[in-house]
Each structure stands twice: as C-alpha cells, then as structure tokens.
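Please keep the sequence and the structure in view while reading.

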Amino acid sequence: MASVRERVAIVGAGPAGAYAAASLRLNRAEVEVDLFERLPTPWGLLRGGVAPDHQEIKRLQDTFDSQTLGRGCRFLGNVEVGVDVSHSELMRHYTSVVYATGAQTDKSLGIPGEDLPGSWAATEFVAWYNGHPDYRGLEFDLSAQRAVVIGNGNVAADVIRMLTLRADELERTDVADHALEALRESRIEEVVVLGRRGPAQVAFTSAELRELGHLDGVDLRVDPDEVELDPESRRWLAEEGGFTARRNVELLREFADRPARPDARRRIELRFLRSPVEIRGAGRVEEIDVRGNEIVRGDDGSLRARARDEDPETIECGLVLRSVGYRAVPLPHVPFDERSFVLPNERGRVLTPDGKPLPGVYAVGWIKRGPTGILGTNKRDAEETVRCLVEDLRSGALPPPPRSAPEQIDALLAERKPDMVTIEGWRAIDAHELERGRREQRPRVKLASRDELLAAAAGTAGGPADA
Amino acid sequence: MTYVITGSCIKDDACIDACPADCIHPKLGALDFEAVEQLYIDPEVCIDCDACVDACPVDAIFADFEIPEKHDYALELNARFFAEQSTAERTAA
C-alpha cells in the first residue's frame, strides 16, 4: 500500500509563507508543500513592499527560492483562495492549510477629508511604485510643491525617500516604469513628515533615519525646539529606552544642529508631536490642519500623545500619504479576531471561537501576530507555527484528507484557473524581467500588469528578444 | 580586524548559527532579540572568519576595511552596542 501523503497548502507566498515553506521542508522532508498566491509572482512584500532603492534586501528572494521552490515546493500563482478555490475545498485536498495572507489593508486616521482625492494610504503609493498589478492604474498628482507624510515608521521612511530621490537614482532601481515616469516629472520640493509622538518615540530604525539625513541633495530639517525632550520622555529614555531610541534622539539632535542648505534640491521636514485633524480642499487636497500634542504617561505606563488645547496650524499641500499601519482583513470561512485583526491562534494553531484548536488550520506572519516586526521576524514566527504543525503531523492529530492525490487538486485548479502560474511560469516572468533589466542596466524591469505577467508566464509575451 | 553588520540587516538569524565564535548578538531567545533593529558583531570577539558573510541572505555584513561608504557609521555602531551593554550590566550589578 502506498504510504499516506502529507500535503500542506500555504496560502500566501510572501515572506511569512516562504519562511514557513522553507522550515517545513527542513523539518519534515516527506511533506509535500504547495504555495498558493493570488498574484502571478511570489515573495509578497519582498517584491511589492521593500523599496526599490533597497535592492540588497531583495536578494532574500534567492534564499527563498532555493529553500522552497528549489527544494520541491510547488508554486500555484494567480489563484486566490476564498475566490477561485474555497477554504473547505483546500481542507478536502490537504492535510493542513497554513494561512500566510498578511495584512492587506491600511489603518485609517478617522479624520474628515481623509478620502479627498490626493489623500492616499502610503501602502497604495508603495504598491504603485513597486509594480503591483492591481495598483498600476492609480494616478498620483505630484504637481504640488509640498507633500505631507503622516507617520514615523518604515513605510513612511520608504515613501519619503521615493518622493525625494533624484530621477537618475531611481533609474538604477527596479521601480515600476509608470512610477519612474511620474516621479521624473514630480514637482514636489518639500516633504513634511508628521509624527504623533516625540523624537524618542519614532518608529524609524536608526538606519532609516540616518538614511533620510544623508540623501544626496536633500536637506533634512528638524526644528531644534522639537528635539528638546519633555520630562517624561527624558526619564523614559534614560531608564527604559533601547539602543535604537537613544541613537535616534542623537541623530535628530545632529540633524537639528546642521545649518540649512538653501541650495538643496529638495527638503524633508520632520515635525514631532503633531496629529492631523482635518484634510481640506475644493474637490482635492489643498491643505491639512495639524494640532500639537504632548507626551503623557498612560495608566499602563506607556508614553502617549495627548492633544494640546490650542488652535490647529494649517499646512498647504497637494498630496497626503497616510502611513499609520496595516490591518488584516477576515478570510472567508476561517475564524477572525475582530478586535486584534488576526486569526485567533495559539503559537500558530488557529482556534475556534470557543478557544479549541481548529484541526489542520494554522497561521503565520502578520495574519498570526499582527503587522509588526521586520522580514526576519517571520523566520522565528514561521518556525513556531511549523513546530506545532509537525508535532500534530507526528502525533497523528491530522487525518489524511479525502482527496489526497495531487492530481485531484491539479484537476480542480486546471478547471477553475486555466491561467494559473506555476514554477515554470514564474521562472519565465523572472527571466523576462531580468533580461529587460540587463538591457536597461537596471536590476530588473518589472512587468506591472496582470496581462503582461500572464503572457510572460505563458511564454507568449512580446519578449525582449522581439524588441 | 572585525566583520561588521550594517543597517541592511533584516534579522534573519542565519549568521548567528554560522558564527563559530558566538560573537553575534543578541542571541536567539534573548529578551532584547525582537526589540533591536539589527544584529551586531562584537569586535572584541570576532575571529575574522567570514562565515557570517556567506550566511547572510541580504549581504549586510562586511569586513571593516571594505564597508561601503553609505554604511560608514556601522563599525562604530557595532562596537557601541557592546560598550553600552556592558555599561548597563555594570550599572545594574
């Protein structure tokens, strides 16, 4: 009798899914792993989130590739779980399903005018300049002199750089062609960055902050008065603050002491203890009202921003990018914690509403822990989930699914998604993009529409060979 | 000499495993592991073997004599991480 196959479907081929697939291959070689992905391309935010000027980080894709696809995991791209194939169908074909779907939407500010044309989630801008096929058609008006970025985290740092880099710096990256064209024509001269809390609480890493202060031809301005710490922050920094917070305050003081550079091409102005209260304009963003905050210690001991009782200040601007965090969305027919915006889980085992493990269902990455941490955080997170999964496989807690032969899921997918992208399709896309990149002396030139991606995957794209 | 981790570090922990001298910190499972923004090499303990360079999936590690200009701060930063830590330990003791 043939041995019973163990088959795992990982839903989402971003960093969390890739680390989980790699860990599963390493810890239980006999498991068959299928990586489902709604885009025709793998690696999620590594391709579509990490900024184009951080190419060294994108090299992680080589490790993902060799540790997953290179070790027999299958890639099933352009298949959306919940739309093209349902959760219960996956459960009939796989021993276990691991959700690695991330946090696909942005948090809102909840202020009037947030939805005016010209006010965007920073994540939309990111997806657009990184060539995410669903965002290609967005039109960012970069004709105003000033943009405002709300937020002090890594996404904010990325969009600030993308708004201030020179065209020839962008040309050396894999920024999407449509974005390159628009950014070349950008008339933005100043990017004002609003942080809700103070210099000691910024969420930038010190590496990101340093980078902002060392962009070629860009003057980073910080008002010396704004880097003066309030007593609560001073005490916190001395007693509890970590290495990064101390380094950040030091860097900000350095920046505040630098003389202004009137010859600079562009300016970045970091403003602290500022919250937006209203975005206004006749049919589109024209100005934003901002009020001052002060730092107070909350009941739980954390330092919070509290609105000062004063009149707001108005900043004229033509573009607002809101970068105050990601949020996960519920998945059809899978439990969801509406308060924490994650799949309820214990070390990656998804739980039913009464707190019992839902057999065979696991979570990893942002949909498991919330949108925190950096790329490598997903490695430990994935290892934790995979430990539980392998434990359950070994203990016999996961019975074989009714339709465990790979031919059965393949037949279903062939019927539902004739244009599914497999590993060969992805290899063709990758080769096509890299070849176009070689011709233009860029690391890669992305295909940024679904049609182009699918044509390249099918080998029917008007390739560089025909050009 | 010593090897140095730059700000491109994504905290994939492959270098920690690879290091025969155990000089990359924080250690997995340490209280501050998730809090730090990157990993650091203790220049006093590094034996200059370059095992971490090969292990790093994002090429974030360099020998001190070939650090790219944009990461010129990194040598001092790695050393400082350990200097401040030992100060904190002495103060706590």
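## Strand pairing and the sheet of chain A

In this predicted model, β6(A) pairs in the parallel sense with strand β15 of chain A, which covers residues 319-322, and three bridges join the two. Within this pairing, A:Ser119 has A:Val320 of β15(A) as its bridge partner.

The pair belongs to an open sheet of six strands in chain A, where the pairing is parallel and the order runs β6-β15-β7-β8-β10-β9. At the edges of this sheet are β6 (119-121) and β9 (218-222) of chain A, each of which pairs on one side only. From one strand to the next, the twist averages 20°.

## A helix across two strands

Helix α6 of chain A, made up of residues 122-129, lies across both β6 and β15 of chain A. The direction of this helix makes an angle of about 75° with that of β6(A).

## A loop residue, A:Ser340

Where in chain A is A:Ser340 found? This serine lies in the loop that runs between β16 (326-327) and β17 (345-346) of chain A. A:Ser340 is classed as partly exposed because its relative accessible area is 43%, a value that falls between the limits of 20% for buried and 50% for exposed.

## Cavities and their linings

Rolling a probe the size of a water molecule over the atoms shows where empty space is left. In this model the count comes to four cavities of 30 Å³ or more.

The largest cavity holds about 80 Å³ of space. Which residues line the largest cavity? Its lining is formed by B:Ile5, B:Cys9, B:Ile10, B:Lys11, B:Asp12 and B:Cys15, together with B:Leu39, B:Cys56, B:Pro57, B:Val58, B:Ala60 and B:Ile61. By residue class, this lining of the largest cavity divides into 10 nonpolar and two charged residues, with no polar ones.

The second largest cavity has a volume of about 70 Å³. It is lined by 13 residues, of which B:Cys19, B:Cys23, B:Cys46, B:Cys49 and B:Cys52 are the closest to its centre. In the lining of the second largest cavity, 11 residues are nonpolar and two are charged, while no polar residue is found.

Definitions and conventions:
Residues are numbered from 1 along each chain as its sequence is written. Chains are lettered from A and ligands numbered from 1 in the order in which they are written. This is a predicted model: local features need pLDDT of at least 70, side-chain atom pairs count only at pLDDT 80 or more; totals for chains, interfaces and linings use all residues. Side-chain values use heavy atoms; hydrogens and water are left out. On a 1 Å grid over the protein atoms alone, a cavity is a set of points where a 1.4 Å probe fits but cannot get out, and a pocket is an open set with protein on both sides within 12 Å along at least five of seven lines; lining residues have an atom within 4 Å of a point. Grid points are joined across faces, edges and corners, and a volume is the space filled by probe spheres set on the points. Ala, Val, Leu, Ile, Met, Phe, Trp, Tyr, Cys and Pro count as nonpolar, Asp, Glu, Lys and Arg as charged, and the others, Gly among them, as polar. Two strands pair if DSSP finds at least two bridges between them. Helices (H or I, at least four residues) and strands (E, at least two) are DSSP runs, numbered from the N terminus. Axes are lines fitted to C-alpha atoms, for helices over the stretch in contact, and angles run from 0 to 180 degrees between N-to-C directions. Contact means heavy atoms within 4.5 Å. Buried means under 20% relative accessible area, exposed over 50%, partly exposed in between (1.4 Å probe, protein chains only).
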